Amino acid sequence: MLLGVCVGIVVGSLPGLTPPIGMALFIPVTMGMDPVSGLLLLSSIYMGAEYGGSISAILLNTPGTAAAACTSFDGYPLARQGEGNKALYASITASTLGGIIGVIILLFFTPLLAQLSLKFGPAEMFWISIMGLALVSSLSGKNIIKGLLGAAFGILVSTVGMDPISGYPRFSFNSPNLLSGIGVVPALIGLFSISQMLVLMSKKRGEVIINEQKPTPYLQVLKFVLKRPFLVLRSSAIGTVVGILPGAGGSIASFLSYTLAKQSSKNPEKFGRGALEGVIASESANNAMVGGSLVPLLSLGIPGSASAAVLFGGLTLHGLIPGPRLFTEHADIAYGFMIGMLVTTILMCLVGLLTAKYSPFILKLPYNYIIATVLVLSTIGSYSVKNNLFDVWVMIVFGLLGYVALKYGFPIPPIVLGVILGPIAEEGYRRAIELGSVHGSTWGYFFGQPITVVLIIINVLIFLGGLYQEFRKVKAEKA
């Protein structure tokens, strides 16, 4: 578990090296182990990588994982203000608490949540993705119009490739590389990493970009986090529930938790400028998602994410078939694995606390070294996703687009939101229309089911919350 956590943190902090890649590399190692040890090695990498993505997000504005994108919104401004140590401590604390809550829910409520996940069909997934897209107003900064345009551009990018229903190529320009669409990981690396490095390269020599980092006692940050139990519990619950939905992933959980934290905050204007609550919301959600994603895997045999699919392979490698019979015929392995994940989370906390103290020293390196290192790692990460040089060109193009967007005041988060949620929204919508026609009423299928009604109400509340926030902002500016 200790080895897995350390490997996971390194994999998560390197742009492009996603948790599934790290786990897949270690599947051959598990062949000589007993089932529980092998599964715990893989799940430790999974848990550690979800936290590791926040390290590069906070220090370099380069999210190591897609789920850590929200962490960079406030983590990097804190690092620029000399509070990088505080942001890292908040990240590991929130990740630990979120991970523990997610695993406890997995341990005690797996059968109930598995039945719930089966009730989420295409219409429900469509409304969840719309819920995510409704957050654009909260992530647009000062200009909502530019935020909406950014989200629309992100959705447009997500339509490139094969039609999810008919399989007809769209916007591929007869290029075989575009048939599978624009890779999310290279696009995110370009939008965050490359654009940020171009910004640093454009600075004048000797200009101070990041202040000297101030040492912060860990107990001070721990008290800050523990004084906000509702924030941690709400974000962890969102992460767990989103985790059980096949295909949703940690990105949606992070964005939802982050926006709800902003809308319920007494000082929403601080978000995006260095609010520690933003780091806490994002990190507790994406680590709680780990436990949630294992619910459908263990109880139904349905992998809820790419990382869960790798764990599925690890289970079958040891002759275990995920599903209800796993808990009756191999209860010792199933519960040993889940209890072991609690220990994994504690080990992650210890390793994270040890490394958090020294990680900000990276910022003391000369910037030409940092820029060169990040560019090299970003290129390797983009290439390693599919072993395809085309993804490197995607990263470069999106890096240039991100730089232009920053220069002209277009916020990056809505673009990222569109790229990630576009395919989920489209596929859910198209499949829901087909199923609705089979059931005799498309409108009834979209709007008349109990879960869809609840999701629509939540969407309306999020939209009204965004309008109320804008009203408060305008009123404060006039005052």
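How many residues does helix α1 have, and how far does it reach from its first C-alpha to its last? Hi everyone, let's start there. Helix α1 (residues 2–13) has 12 residues and reaches 17 Å, close to the 16 Å expected at 1.5 Å a residue. The expected span here is 1.5 Å times one less than the number of residues, and helices are DSSP runs of H or I, at least four residues, numbered from the N terminus.

A quick word on the source. This is a predicted model, where local features need pLDDT of at least 70 and side-chain atom pairs count only at pLDDT 80 or more, while totals for chains, interfaces and linings use all residues. Residues are numbered from 1 along each chain as its sequence is written, and side-chain values use heavy atoms, with hydrogens and water left out.

Back to α1. Its buried residues include Val5, Val7, Ile9 and Val11; buried means under 20% relative accessible area, exposed over 50%, and partly exposed in between, with a 1.4 Å probe and protein chains only. Among the elements covering them are α2 (19–30), α3 (35–60) and α16 (331–356).

Now the core. The largest nonpolar core has 117 residues, and Phe255, Leu298, Leu311, Phe337, Met341 and Val416 have the most contacts inside it. Such a core is a set of buried Ala, Val, Leu, Ile, Met, Phe, Trp, Tyr and Cys residues joined through side-chain atoms within 4.5 Å. Leaving aside neighbours within four places in sequence, Leu311 is in contact (heavy atoms within 4.5 Å) with residues including Met23, Leu39, Leu294 and Phe337.

On to the rings. There are 6 aromatic pairs in the structure; Phe, Tyr and Trp rings (for Trp, the six-membered one) pair if their centres lie within 6.5 Å, with planes under 30 degrees apart stacked, over 60 edge-to-face and the rest tilted. Phe126 and Tyr429 make a tilted pair, 5.6 Å centre to centre with 45 degrees between the planes. Phe126 is in helix α6 and Tyr429 in helix α19, so this pair ties together parts 303 residues apart in sequence. Phe126 is buried at 13% relative accessible area, whereas Tyr429 is partly exposed at 39%.

Tyr258 and Phe271 are edge-to-face because their planes sit at 75 degrees, with centres 5.6 Å apart. Both are buried, and together with Phe73 and Phe255 they form one aromatic cluster.

Last, a charge over a ring: Arg228 lies over the face of Phe224, 3.6 Å from the ring centre. The cut-offs are NZ of Lys or CZ of Arg within 6 Å of the centre and within 35 degrees of the ring normal. Thanks, everyone!

Terms used. Helices (H or I, at least four residues) and strands (E, at least two) are DSSP runs, numbered from the N terminus.
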